[in-house]
Amino acid sequence: MGGPLIAPLPGTLVSILALFALAALAVPLARTPLGRPLVYGASALISATAFVFGVQGMLGTPATLVLPLGVPWMGAHFSLDPLAGFFLCVINLGGAAASLYGIGYGRHEHAPQRVLPFFPAFLGAMSLVLVAADAYSFLFGWELMSLASWALVVAHDKSADNLKAGFVYIAMASFGTLALMLAFALLAGGGDLTFATLAHAPHGPLVGALVLALALLGAGSKAGLVPLHVWLPLAHPAAPSHVSALMSGVMTKVAVYGFIRIVFDLAGPPAWWWGIPVLAIGGISAVAGVLQALLQSDMKRVLAFSTIENIGIIFIGLGLALAFRGNGLMAAGALALTAGLFHVLNHALFKNLLFFGAGAVLNATGARDLEKLGGLIHRMPTTAVVMLVGAAAISALPPLNGFVSEWLTFQAILLSPALSPWGLKLLVPLVGALLALAAALAAACFVRLYGIAFLGRPRSEEAAQAVEVDRWSRGAMVGLATLCVLAGILPGPVLDALQNAVGPLMGARLPVQTDVAWLSIIPVGESRSSYNGLLVFVFMVLSAGLMALVIHRFASRALRRAPAWDCGFPNADPITQYSASSFGQPLRRVFARTLFSAREEVTMPPPGDSAPARIRLTERDPAWALLFTPLARAVEALAERSNILPYLTIRQYLGIVFATLVALLLVLAIWR
Amino acid sequence: MALISHLLIQGGQMLLVLALAPLVTGLVRKVKARLYRKRGASIVQPYRDLARLLRKEAVVAEGASWLFRAAPYLIFAATWVAAALVPTFATGLLFSWSADLIAIIALLGSARFFLALAGMDIGTSFGGLGASREMMISSLAEPAMIMIVFSLALVAGSTQLSTMAGVMLAGVGLRVSLALALIALMIVALAENARIPVDNPSTHLELTMVHEAMVLEYSGRHLALIELSAQLKLLLYISLIACVFTPWGLAPAGAGAGAFALGFVTYGAKLVCGAALLGAFEASIAKMRVFRVPDFLGAALMLGLLGTLLLFVSRGL
């Protein structure tokens, strides 16, 4: 046994380069009939290779590399440590699945030349962010990622909604990059910009606090934290479905990586209170995201809002980890960070799966609107099964994977009475309640999504005529569903692998899980808590099987098909079924009235008139009303005012130049 | 040898909960009937009902998918596993560590997930109505339950029920948080089991039913499984309250035959008390309007949160 054939870091860089080359190659290829399978097939292979490099990077020792690229006197620095390796695995797993799915799904693309070149570039840019080890390369990759995904968002440029989504997205992305740029500048404080230097540059508590705030703004806006989430439910659904899956399931994870890299690694030891804003924003995002998901009737928008919820859950884990670390409780912090990172993996798996399923439904019926779907379980059997797995997993139901990461987060919360500051003592139980509320609402949200789209009777002709999708798409979905089940029943090996990334950041790791008897997971101590997904799964299968056996042996096996009973008043019209908005009505009434000003207006025809009664639902996102609309108005007013700038005289221009110079000199004089 | 006896005890507990579940429901009905000054059906009537349902053919609606037929088995499996993991007459059973209290709650959540989906499968208005209301109730009951778990876990230093029972037995003194948790747990138990005042298990009145609306289309063996699951869930909640708040008589791990006998007797007594109290409570209160339920459950959530907050704060003193 020698070492690996190619070291993981150069291997990853070659993969990224290959993806960029593929992007260039895709421009001429896109117009040929073979372009689609070639481009997607190649990017699936390259992503799978990069995934292997990611696994090696996660399990191996950190490596660094300097290439004479980019800034002349500095070069481009790259490194692959276990943290980057873990995210490389997540991103490329999602990328490989999306490419596989794209082979089939892309067949329905009207303008492949607007999608094919940007797809591999997007994948390559995300991996580039992960291996970058200086601020320039990081921001270069980050911007490339934003631009490539923006191009994919506006790929279907005939729709005004998509163009608006693209505009909001690019504005928010530029804002995010600006925040990150300032964060790096503050950290560097005049020194060079490699991460190795940044991590050891001394800085005061004020700079640390500013860096935390800027990282929350910059990475948080990309990840979709409330209130910077407004672009996400517009942009993610606008792209083709496999790109939506990448943006929701994978790109948000790059943002999480950026946050972890800056705050946990580069910003130095956290102050005791750093966890507070992260926890609060995470908890609010979790509940606000899932509540708004419950109000939507567009399938892809439901999924996009649910991404905000899951990012909130991840940030709750990160916030707890920061709080523990800031107060010297490293072992508890390791548990919280592990929970957050495990949820990163889980969310990537099931959100990709669910977006693929939504794409399959969109292809089969031409509809994203839940009110036009129904009964697809009969017409699309494979998609229905894998979507059921995805819906159960994202609802945090045992024995699937979503439950394990939420269980770990709850266990971390239960360790937090050891935190001594009062602010944390009061906040953490509240965040625990928000997390529990979000989990329960997520179950309601996905019962609604699945029940309306796949169960019941078809609500439109298209849904009644739907056909199952091609085998590439089915293959990608079945693969992800299998991984959801596997990560749920065998979480131990995943947790152990994660410790390589957690250890260097927290200075502590969880006990080794794979040695535990019966493959249980025991994060803290045996008497404290343990969970065994495998046994729960086996017990459920055994008891269901046993009962089926007993019933078929001893009870009646007769089965008769008959019209539905429905309390004696069956109605054949599918419109009498519960719809997506009627399913959400009780929850809307209980939760969304004050928070999102959800209103229902019913217009009843006068007695004797046979016109149908109509109901109109309105809701309002307070982030738009309170933050973005005033901001947009202010920017517009400012632009209006500065419109005189092109029409000044030469004397006035010289005056402005002079004033600017004096102002800058003054700043320098005061600063030094 | 030890492994076999442990396996036997674990298996015994699984069969015990299955065997006792209909009896508890029968007892509750009997108590209610007697309080209404009716004679009431025999307490073994639920067994007869189950046997009758199992003998009948299953009538399945024309538009039903495989999910409709598979759901009763899944619901039953999840509920049975959850019920078998709650200590009844003994703690520290062989597999008691395979799921802690959070996982038990989540297993019940899995059962509810499939029940709600099954309700929506045929595409009738009642099925959707039941599913929608059930998810509204659970969206408050589940976080309330998690807050209760937090309170209990912080007192006991563990989310394992066996450890919790041990700590409670050793004595933790009177604590405000535990009292709050007990009240909240009772509210959640009423809601989760579709009892009055949240839901009425014996009504088929269109506008008030929740649980019954979801299972309206079920018949024969499928209905039998769903009824049995509901009975198991009731038993689970009574066992849970008994195990945490009245842990007396529970046989510890590796105890002798005498301890087990004591465990059986006390468990039986606790079940009878629980059923009688539930019956008496139900007979003395009216059902609430659906949109009053969130206030009722919101109170449970707040009590649970308050209990947890008190525990967090008291650690610092």
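1. A word on one term before we start: the radius of gyration is taken over C-alpha atoms, and the globule rule is 2.2 Å times the number of residues to the power 0.38. For the 317 residues of chain B, that rule puts a compact globule near 20 Å, and chain B has 19 Å, which agrees.

2. Please keep in mind that this is a predicted model, in which local features need pLDDT of at least 70 and side-chain atom pairs count only at pLDDT 80 or more, while totals for chains, interfaces and linings use all residues. Residues are numbered from 1 along each chain as its sequence is written, with chains lettered from A and ligands numbered from 1 in the order in which they are written.

3. Chain B has 11 helices and 1 strand (DSSP runs numbered from the N terminus: helices are H or I of at least four residues, strands E of at least two). Along the sequence the order is α-α-β-α-α-α-α-α-α-α-α-α.

4. The C-alpha trace of chain B spans about 60 × 45 × 45 Å along its principal axes. Of its 317 residues, 62% count as buried, meaning that 20 or more other C-beta atoms, placed from the backbone, lie within 10 Å of the residue's own.

5. Two residues are in contact if their C-beta atoms, placed from the backbone, lie within 7 Å. Among the contacts in chain B with a separation of 6 or more, 80% join residues 24 or more positions apart.

6. A helix pair worth a look is α7 (residues 176-192) and α9 (residues 220-245) of chain B, packed at about 170° with axes 10 Å apart. Axes here are lines fitted to C-alpha atoms over the stretch in contact, and angles run from 0 to 180 degrees between N-to-C directions. The angle therefore makes α7(B) roughly antiparallel to α9(B) (over 145 degrees). On the α7(B) side are B:L182, B:L185, B:A189 and B:E192, which meet B:K233, B:Y237, B:I241 and B:F245 of α9(B).

7. Now to the two chains together: 72 residues from chain A and 77 residues from chain B make up their contact. On the side of chain A, α17(A) gives the most, with 15 residues. By class, that side has 47 nonpolar, 18 polar and 7 charged residues (Ala, Val, Leu, Ile, Met, Phe, Trp, Tyr, Cys and Pro are nonpolar, Asp, Glu, Lys and Arg charged, and the others, Gly among them, polar).

8. Finally, a strand pairing links the chains: β3(A) pairs with β1 (residues 58-61) of chain B in the parallel sense over 4 bridges. Pairing requires that DSSP finds at least two bridges between the strands. One of the bridges joins A:A562 to B:A61 in β1(B).

Notes: Parallel < 35°, antiparallel > 145°, perpendicular 65-115°, else oblique. Buried ≥ 20, exposed ≤ 12 C-beta atoms within 10 Å, placed from the backbone.
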